[in-house]
Structures are given as structure tokens and as C-alpha cells.
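Subject: Structure for you to look through

Hi,

Here is the structure I promised to pass on. Please open it next to this email and follow along.

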Amino acid sequence: ANVRAQMGSYEERLASFAAVQHPIDPERLARAGFYSTGARDMVLCFRCDGGLKGWQPEEDPWEEHAKHYPGCSFLLAEKGQEFVNNIQLQDPRR
Amino acid sequence: RPQGRTRRDSIQSYKMDASPCGHCLIINNVEFEPESELSNRKGSNIDCDKLESKFKALNFIVEVRTNLKQRQIKHELASLCKKDHSQYDCCVVIMLSHGTEVSHNRFPGAVYGVDGQHVPVQHITNYLNGQHCPSLQGKPKLFFIQACGGGERDTGFEVSPDEVEPSHGGADDQTDAIPMSSSSDSLSMSDEPDARVTLPTPSDILVSYSTFPGYVSWRDTQSGSWYVETLNGILEENAATDDLVTMLMMVNHEVSQNSAKGLYKQMPGSFNFLRKLLYFQTQA
């Protein structure tokens, strides 16, 4: 819980990627609430604790956040309900 | 978009041709115990009747349970979970009650029993997941929830705070919220941290909320709730041609445009872990 509390700051989250080769731009990951766990490309959200790994280079951190953890209060506060609904109600064949 | 009868043969659609299609449990909480400090939900029986006939028309075996306490809600869900669903293609749970905010990263929110004790939405969905209900594995499990996620009124963007009057919405509109008080603080962080990367993503589950947890949900005492009225109308008009997710997009649009009914706005939320398109049966 202490790590998560620290990671409330964008700068701390960004710094967590310093020693990691990540397929996604760390600034975009950090902005979307994610910090690096240090284990390969696995990231966690500081607010909802939702974890994501196996990133593809074309993926968008906010979209993945909304797709897998639509109830995250940081996501909802930053991006709004309409964004989350639009991701959640995409064609499932996406 | 697939047209006509051929759509059900599509590899990207769930098999939905069992007859009957599956069970549909409706929990309709209207009269709350005085100790719960929750008001009676006038108009909810209208919602309940609409959805009962709608899901019967979609070839579901519909059972309605009225005024259940928390313990009884859990009991009903457990019995639904223990049923053998192997002959069926789908399962539907509808909850009409007061609700409150409970944080969870996939299925936030909670629904009240008439005793004022709540059941987190995440627990409600767990009863029917692949682990607890093997005969529903790989089959769509749908949850429709008409309840407030909390007391925050969404005024929309065009209204300035000083224009907000105590009388909101139409004269008959009530909310499914409970007032936010310090006593509800203990509710918000009460669920288990079960969303680690090591756990599988919930699959084949869709939860449609009348409103995002944290916001109120409006109910007209004469015509029922905005959400159920809209959902029922959209299903009536479009179930023969459109898939569920497309229809929920229509519901969201219509409810969020519903400013004519009052000052406050409402945006339904869909938390969708379905893997394929879902088309209801519209011809018996």
C-alpha cells in the first residue's frame, strides 16, 4: 500500500520506468496512472491496483486502462464516463 | 452489421437459440425497513412489470422476487448459481433497488437489501462466473442494475451552480440514491483487493448500470425509471436487428440526452467483458 501511495505522483510513476525497456512511452503510461513493477512490461495502476502486461506497441494506455479496469476512480476522474462507455461499448471483435 | 436470419450463424456471435433461452432473475426492492433509513421506491413495480414481460418475450424463464433483505438476495443468487444451465444459452440478473458507492476496479457499486445492508456488484457477478457456475462457462451472463451509485447529482455541464434548485427533475422524479453521510464512509473501501494481474479477466460478463457508481439515478413515480423505460423501449425497437452492445450505446445516448425531464443529467454505464456479439431471440 505504501508503494501505491507514493505512486500517486506522476513524477514517481515516471521514475519507476527509468531502468525498464517498455514498448510504450513511459510518459504516456505514467499519465494514465501506471507505474512499472520492474517485472518485464508489467505495470500497475496506483489507484485501482489493476495490472497490465503483454503490451503491443500500438496500444494506448488510457484505452487499455478503460478496457480492463472500467471501475477505476482515477480513470473516471481523468477521462470521464463517456470515454469509458465508448471503450466498453466498442465492437467485441475489436 | 449482420442482417436478418444469417446473423446467428456468425462465428462472432454467442449461440442464443436454446428454447427457452435461459433464466432471468428480477429482484425488485420497493419497500424498505424503517431502520434502513431508505425510502420506498415508488414506481419500481412499473419497471419490474416492463422488464418481466420484455424478458419473457425474449424467451427467458423469468422469476421475480420482491423486497429481499441482503441475506435473501445472496440466497437467490446462490440458488440461481446452483441451477443446471447446460440446456440454456444465457443468464440474466436484474436488480431494482437503492444503491451505493463501493470501489472496485471492474464492477464498482453495491445494491441494498430492504434491511439496508448492501451486496457489492462484484459479488453479485461472482455468483455466476465460470468458476462458481460451470454450466454457464463461455455463455453470456448479463446484469442490469437500476440503482444509484451514490448521492452525487450530475447536473450536466450547461447549468451553473446557482441555477440549481432544490426541486430537481419533474415533480414525480425521485432518486435511488442515499444521502452521503459519514456513516457510509466505511462502505467505500470494504471489498477485497482481488484484481491482481494473476487473476483471470472476467469473461462473458456484462453489467449495465443505470448510472455510473457515484451518481444518482432518476425514477419517475408514475412512469418508472428513466433507464428502464429507455432500455425497454430500445429492446422493443431494436432487438430484432441489433446486438446488445449496440443497443446499450443507444440507451446511453438516449438517457444522457434526457434533459427535457429535468435539470439533472444521467449517464448509464456499461462494464462489458463479453467476447462476442449478442443477439436476443425475438421470435418464439
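Below is what was found in it, part by part.

A word of caution comes before the rest: this is a predicted model. Every value here was computed from it.

**Where the chains meet**

Start with the contact between the two chains. Chain A puts 25 residues into it, and chain B puts in 27 residues. How much area is buried between chain A and chain B? The figure is about 2200 Å². Carbon and sulfur atoms give 58% of that area. You will meet this kind of number again, because the size of an interface is often given as the accessible area lost when the parts come together.

Next, look at the polar side of the contact. Seven residue pairs are in polar contact between chain A and chain B, with both residues at pLDDT 80 or more. Three elements of chain A give two or more residues each to the side that touches chain B: strand S3 (51-52), helix H4 (61-68) and helix H5 (73-88). The largest share comes from H5(A), with seven residues. By type, that side of chain A has eleven nonpolar, nine polar and five charged residues. How many salt bridges cross between chain A and chain B? The count is zero.

Find strand S12 (residues 269-273) of chain B, where B:Asn272 sits. Is B:Asn272 buried or exposed? Its relative accessible area is 3%, so B:Asn272 is buried. The side chain of B:Asn272 reaches the backbone nitrogen of B:Leu274 at 2.9 Å. Now leave aside its neighbours within four places in sequence. B:Asn272 is then in contact with A:Gln88 and A:Gln90 from chain A. From chain B, the contacts of B:Asn272 are B:Ile205, B:Leu206 and B:Val245.

**Chain B as a whole**

Chain B has six helices and twelve strands. It holds 284 residues, and 55% of them are buried. The accessible surface of chain B comes to about 12200 Å². Of that surface, 49% belongs to carbon and sulfur atoms. Now take the contacts in chain B between residues at least 6 apart in sequence. Of these, 82% join residues at least 24 apart.

**Salt bridges**

Over all chains, the whole structure has twelve salt bridges. Three of them are worth a look on screen.

- B:Lys56 pairs with B:Glu52, and their closest N and O atoms are 3.0 Å apart. The two residues are four apart in helix H1 (residues 44-57) of chain B, so about one helical turn separates them. B:Lys56 is partly exposed, at 46% relative accessible area. B:Glu52 is partly exposed too, at 21%.
- B:Lys54 pairs with B:Glu236, with the closest N and O atoms 2.6 Å apart. B:Lys54 lies in helix H1 of chain B and B:Glu236 in helix H5 (residues 226-238) of chain B, so this pair ties together parts that are 182 residues apart in sequence. B:Lys54 is buried, at 9% relative accessibility. B:Glu236 is exposed, at 56%.
- B:Arg65 pairs with B:Glu63, with the closest N and O atoms 2.8 Å apart. B:Arg65 is partly exposed at 26%, and B:Glu63 is partly exposed at 27%.

B:Glu63 and B:Arg65 are linked with B:Glu76 and B:Lys83 in a network of salt bridges.

**Backbone details**

Which residues does a cis peptide bond join? They are B:Ser19 and B:Pro20, and omega is about -5 degrees. B:Pro20 is in the segment before strand S1 (22-28) of chain B.

Two Asp residues also deserve a check. A:Asp49 has a phi near 70 degrees, a positive value in a residue other than glycine. A:Asp49 lies in the loop between strand S2 (43-45) and S3 of chain A. At 8% relative accessibility, A:Asp49 counts as buried.

B:Asp204 has a positive phi as well, near 65 degrees. Look for B:Asp204 in the loop between helix H4 (185-188) and strand S9 (205-209) of chain B. B:Asp204 is buried, with a relative accessible area of 3%.

Best wishes

Methods: Residues are numbered from 1 along each chain as its sequence is written. Chains are lettered from A and ligands numbered from 1 in the order in which they are written. Side-chain values use heavy atoms; hydrogens and water are left out. Contact means heavy atoms within 4.5 Å. Buried area is the accessible area (1.4 Å probe) that two parts lose on being put together, summed over both. A salt bridge is a side-chain nitrogen of Lys or Arg within 4 Å of a carboxyl oxygen of Asp or Glu. A polar contact is a pair of N or O atoms within 3.5 Å; within protein, one must be able to donate a hydrogen and the other to accept it, and residues adjacent in sequence count only if both atoms are side-chain atoms. Ala, Val, Leu, Ile, Met, Phe, Trp, Tyr, Cys and Pro count as nonpolar, Asp, Glu, Lys and Arg as charged, and the others, Gly among them, as polar. Buried means under 20% relative accessible area, exposed over 50%, partly exposed in between (1.4 Å probe, protein chains only). Accessible areas come from the Shrake-Rupley method with a 1.4 Å probe; for residues, only the protein chains shown count as cover.
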